[in-house]
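Subject: Structure handover

Hello,

Here is the structure I said I would pass on. Please look it over before reading my notes.

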Amino acid sequence: MNENATVAMVLAGPWVAVLASAIAGRLGRSGDLVARIAAAVVGLGFVFTAAVAIAVSTLWTGSIQVGFGETSLQLDALALIMSMLVLGLSSLIQGFAVRYLRGDPRQVWFVVTANLLTGFTVLMVCAGSVALFACAWVGAGAALVLLLATYWPLAQAREGVWRTAVRFGAADTAFLLAVAVLLVGAGGDVSFDQLGAGASGLSAPAQLTLAVMLVLAALARSSQIPFQGWLPFTLGAPTPVSALLHAGVVNAGAILLLRFAPAVAPHRSVMIVVCVVGAATLVFASAVRLARPDVKGRLVFSTMAQMGFMIMACGLGLFAAAIFHLVAHSLYKSTLFLGAGTGVRQHATDRDLPTRTAPSRLVAGLAVAISVTVTVAVLVAAKLVLSPAVSPSSIGLLAFVALTAGVTLAVALATHFSIRTMVVGTTVTAAVGIGYVAFLHLFTGALQPGVPVQGAPGWLLVLPAVGLIAVELLARSSTGAVWLRDRVYTSALAASLPRNPIRTGAPL
């Protein structure tokens, strides 16, 4: 099979599903049948893409490019990884939706818009030029808005659609202006290989403005401050929509920053802003997540926090780490959303259990000592053996990961301290730590952009680390600064709820 056919087969699945679903819907076919056919077609696309990844190992260090002139499609490591992720999760989620939406009059609408979103997303990650990426980016945003309108009669769904459309529209306008500047300056479309040269031909203020406009689009799509107001209002969408949204769409910010790295990464001031915004969103969303009483609400703010970590990694110049985190988060969060019903039942069960007694000071001290020793030892040993090359930012990110992993292990040990918990906890921590370093090294070799990157200084990671520790301590303290804990959580929770001003003269 030649290169043109290979790329076409990777892209074709969702668009075939859209066409087949639309025709079947117009002919009055059963929504259940339409959904099954679409899920199967997208699943075949995933199988083909995985087969290409296995058969063509050169894609990890090179790429397949097809197109006309500078407007091209490319199948490189990033496109291959993201295409498999998007097609695989879309097929899985659509298969789940066959049962979830059975008999629902909006089932065909969901199938068509879900595959539109999948198709535009795959086109976006496989785009080899600025104009084609921009078309796919706007198309994916429009498809998401249509998908969120699945339950349009619900007021909450309409609120989510409106908020998403407004924020996407504002940020994408800046993005399209940046694209227009690049295209006009180059006299036509610009391949990503030539993006750095095209951007460097502009004046210094124009280059900085261009980078800022590109960053705005990435922040809005990933629900980062100050655009975080749309994601919490998508809870009116059915569970398959939420799973598709949180597993893939919100990750697009990192894809944009990586593809446009030649125009963004050379500006240290912009990269510092990206890092700080990601860190602020991480701390804010973590605080709100602990305050939300509902399972889906917690998952939403968990996603926002994880996207903050991803954007923060991009700001540090660690793009490969951001993509690795993106893949892991997508797999994990789609599972959580599809199992949200089970989570509700488990929460109800846990609520009826007796309150756990607080651990003694000796147990708490042992838990902290063991977790710190194991986590640091594992990550340092894995780094020295598997990936000895270091930089201040990479060491800072590794320390941040060690902190979060250590807190997780310490909480598990303090909650139920026993030999079994210690063995299982340390074994899992060691396996995860070694796997993290190994896969991160593999991703760095394939995905790190080949342009000078002026990443934010690694010491900035101290700010989110201190913020997260403060949030955790405030959440668990029962004495002392209780009023401060309540003030922080009340303010954070209020910021995540809709503001419905009372009209003057309206009945209360």
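Below are the notes, from the whole chain down to single residues.

This is a predicted model: local features need pLDDT of at least 70, side-chain atom pairs count only at pLDDT 80 or more, and totals for chains, interfaces and linings use all residues. Residues are numbered from 1 along each chain as its sequence is written, and side-chain values use heavy atoms, with hydrogens and water left out.

Overall fold. The protein chain has 20 helices and two strands. These are DSSP runs numbered from the N terminus, with helices being H or I of at least four residues and strands E of at least two. Of the 508 residues in the protein chain, 51% are buried. Buried means under 20% relative accessible area, exposed over 50%, and partly exposed in between (1.4 Å probe, protein chains only). Among contacts (heavy atoms within 4.5 Å) with a separation of 6 or more, 81% join residues 24 or more positions apart.

Cores. A nonpolar core is a set of buried Ala, Val, Leu, Ile, Met, Phe, Trp, Tyr and Cys residues joined through side-chain atoms within 4.5 Å. The largest one has 146 residues. F133, F175, L256 and F260 have the most contacts inside it. Another core, of six residues, lies apart from it and includes I370, V378, L409 and L413. Setting aside neighbours within four places in sequence, F133 contacts M124, A127, F175, F192, I255, L256, R259 and F260.

Helix pair. Helix α10 (residues 252-259) and helix α14 (residues 319-338) have axes that come within 10 Å and cross at roughly 155°. That makes α10 roughly antiparallel to α14 (angles over 145 degrees count as such). Axes are lines fitted to C-alpha atoms over the stretch in contact, and angles run from 0 to 180 degrees between N-to-C directions. On the α10 side, A254, I255, L257 and L258 meet F319, I323 and L326 of α14. By class, this contact has seven nonpolar, no polar and no charged residues. Nonpolar here covers Ala, Val, Leu, Ile, Met, Phe, Trp, Tyr, Cys and Pro; Asp, Glu, Lys and Arg are charged, and the others, Gly among them, polar.

Two single residues. S302 sits in helix α13 (residues 295-315). S302 is buried, at 15% relative accessible area. Beyond four places in sequence, S302 contacts R289 and K333. R36 belongs to helix α2 (residues 31-55) and is partly exposed, at 45%. R36 touches V98 and R102, leaving out residues up to four places away. R36 and R99 are 63 residues apart in sequence, yet 9.8 Å apart C-alpha to C-alpha.

Best wishes

Technical notes
Parallel < 35°, antiparallel > 145°, perpendicular 65-115°, else oblique.
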